[in-house]
Amino acid sequence: MSAAPMRGCFVTGTDTEVGKTRVSAALLHWLGERGLRCAGYKPVAAGTESIDGEAVNEDVRALRDAGSVALTNAEVGPCQFEAACAPHIAAALEGRTIERAVLLQGARTLAVQVDQLVVEGVGGFCVPLAPDFDSADFAVDLGLPVLLVVGLRLGCINHALLSAEAIRARGLRLAGWVANTVDAAMLQRDENLATLRHELGRRHQAPCLGVVPRLASPEPAAVAACLDDSALRVLFGLA
């Protein structure tokens, strides 16, 4: 018997350090505010630090804190590595392997406990995890609608369109995108946003779910306030 379809979304980005975790935590905050049981899942995370005496990735901890159900760091982030580098390289440094079946089982275990699961990818959409699979393959395994975080900086249009093409090529639905301001001094920011809206809408029927400015305190509630409530209801099937 096949597993029941998961409810939630898969959050990917145009690159690393574009705000995937902030947006994912904001989605969890938004869901929790509406009384839904929700959890974040960061299947692979590279780079840990000591938090409360435990070595944990800061993104994993952020997702754990933003969810509305009590989980351990290991449940949210089952595969964490010390070195902050490409995950397959970090795994090799520790003599470990990233097991596809283990990652998928972790997602399925959480999915039956919650109403909505927000899965955050690692880096961009196509990141090698092992010799025979990458993060795009794992997104296909999950089958969730994809939300693309576009880091607003020079080059973002090309990065966004290439990422969208890769998502579509794997038979996944790009349900929407969020623009996150990486470079506050970006030239022609509004013109870039207009182009992204037009091209992602024309090519993929993918709506903009929000535009996040540079925030002095980018807490989940503050980021969530920058997102489109009605669009999120459609994304999560609550409309």
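Threonine 14 is in contact (heavy atoms within 4.5 Å) with Leu148, Val149, Val150, Gly151, His159, Ala160 and Ser163, leaving aside its neighbours within four places in sequence. The model is a predicted one, in which local features need pLDDT of at least 70 and side-chain atom pairs count only at pLDDT 80 or more, while totals for chains, interfaces and linings use all residues. Residues are numbered from 1 along each chain as its sequence is written, and side-chain values use heavy atoms, with hydrogens and water left out.

Threonine 14 is found in the loop between strand E1 (8–13) and helix H1; helices (H or I, at least four residues) and strands (E, at least two) are DSSP runs, numbered from the N terminus. Threonine 14 counts as buried because its relative accessibility is 13%, where buried means under 20% relative accessible area, exposed over 50% and partly exposed in between (1.4 Å probe, protein chains only). The side chain of threonine 14 reaches the backbone nitrogen of glycine 151 at 3.3 Å. Glycine 151 is also among the contact residues of threonine 14.

Lysine 20 is found in helix H1. With 6% relative accessibility, lysine 20 counts as buried. Beyond its neighbours within four places in sequence, lysine 20 is in contact with Val11, Thr12, Gly13, Asp15, Glu120, Gly121, Val122, Gly123 and Val149. Lysine 20 and glutamate 120 are 100 residues apart in sequence, yet 7.0 Å apart in space, C-alpha to C-alpha.

Glutamate 120 is also approached by lysine 42, the two side chains being joined by a polar contact of 2.8 Å. A polar contact is a pair of N or O atoms within 3.5 Å; within protein, one must be able to donate a hydrogen and the other to accept it, and residues adjacent in sequence count only if both atoms are side-chain atoms. The side chain of lysine 42 also reaches the backbone oxygen of glycine 121, at 2.9 Å. Lysine 42 is placed in the loop between strand E2 (38–41) and strand E3 (44–46). Its relative accessible area is 4%, so lysine 42 is buried. Not counting residues up to four places away in sequence, lysine 42 touches Asp59, Val60, Leu63, Val76, Gly77, Pro78, Glu120, Gly121 and Val122. The C-alpha atoms of lysine 42 and arginine 61 are separated by 9.6 Å, with the two residues 19 apart along the chain.

Two helix pairs were examined. The axes of helix H1 (residues 20–33) and helix H2 (residues 58–66) come within 8 Å and cross at roughly 15°; axes are lines fitted to C-alpha atoms, for helices over the stretch in contact, and angles run from 0 to 180 degrees between N-to-C directions. H1 is therefore roughly parallel to H2, given that angles under 35 degrees count as roughly parallel, over 145 as roughly antiparallel, 65 to 115 as roughly perpendicular and the rest as oblique. The contact is made by Thr21, Ser24, Ala25, Leu28 and His29 of H1 and by Asp59, Ala62, Leu63 and Ala66 of H2. These residues divide into five nonpolar, three polar and one charged (Ala, Val, Leu, Ile, Met, Phe, Trp, Tyr, Cys and Pro count as nonpolar, Asp, Glu, Lys and Arg as charged, and the others, Gly among them, as polar).

Helix H7 (residues 156–169) and helix H8 (189–204) pack at an angle of about 20°, with their axes 10 Å apart. H7 is thus roughly parallel to H8. On the H7 side the contact is made by Cys156, Ile157, Ala160, Leu161, Ala164, Glu165 and Arg168, and on the H8 side by Asn192, Thr195, Leu196, Glu199, Leu200, Arg203 and His204. Seven nonpolar, three polar and four charged residues make up the contact of H7 with H8.

Positive phi values occur at aspartate 52, about 55° although the residue is not a glycine, and at glutamine 205, near 55°. Aspartate 52 lies in the loop between strand E4 (49–51) and strand E5 (54–56), and counts as exposed at 69% relative accessibility. Glutamine 205 lies in the loop between H8 and strand E12 (208–212), and is exposed, with a relative accessible area of 59%.
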